[in-house]
Amino acid sequence: MAEYPASIFGTEKVNCSFDFKIGACLHGDRCSWLHHKPTFSQTIALLNIYCNPQNASQSADGLRCAVSDVEMQEHYDEFFEEVFIELGEKYGEVEEMNVCDNLGDHLVGNVYFKLPREEDAEKAVIDLNNRWFNGQPIHAELSPVTDFRGACCRQYEMGECTRGGFCNFMHLKPISRELRRELCGQRRKKLSHTGRR
């Protein structure tokens, strides 16, 4: 009943679908919709932690320094492996980890990872907010994202996104096949040692 008068007079704010779906909003605090920070979640967002060398490869005189695709992939794989292994060792098995390759301020360099238990995620957020990475303080928060399929840009996955890095949906950066095999092998080995299947 209250929804009808609110829609007429515009007095009731509605939840921001972008904030709910991808855990970030282009408009941030200026958004006219409601943003709810979850009090419990299995998913954690590490904001602006990954620095893509292709985006940051500008010299002091304004010229772009060339970073090859091979160097770029090696740099990214090293970052991913370091973060994935450390998170797993400190906070429990990482079920899923995704890194945004977007350029918009609300998504650039964001890393999302999902733990099996909400209690572990809460502990991780508290601990990570007291740490630094690459000379920068880490800003970690619980994220409402539960299903990354709904948060990702389907057009980007098909190579057809016309918005490029400024798309409002996640453009997830893939790791190399070699690293995927290595991490999967480590996980299988760990599970066989603990007796889990």
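A salt bridge here is a side-chain nitrogen of Lys or Arg within 4 Å of a carboxyl oxygen of Asp or Glu. The model is predicted: local features need pLDDT of at least 70, side-chain atom pairs count only at pLDDT 80 or more, and totals for chains, interfaces and linings use all residues. Residues are numbered from 1 along each chain as its sequence is written, and side-chain values use heavy atoms, with hydrogens and water left out.

The chain has 7 helices and 6 strands, taken as DSSP runs (helices H or I, at least four residues; strands E, at least two) and numbered from the N terminus. Of its 197 residues, 36% are buried, where buried means under 20% relative accessible area, exposed over 50% and partly exposed in between (1.4 Å probe, protein chains only).

The salt bridges number 5; the table includes these pairs.

| Pair | Closest N to O |
|---|---|
| Arg131 and Glu86 | 2.5 Å |
| Arg149 and Asp147 | 3.1 Å |

Glu86, Lys90 and Arg131 form a network of salt bridges. Lys90 and Glu86 lie 4 residues apart in helix α3, so about one helical turn separates them. Glu86 is partly exposed at 25% relative accessible area. The pair of Arg131 and Glu86 links distant parts of the chain, 45 residues apart, with Arg131 in the loop between α4 (118-128) and β4 (132-133). Arg131 is also partly exposed, at 24%.

Arg149 is exposed, with a relative accessible area of 60%, whereas Asp147 is partly exposed at 33%.
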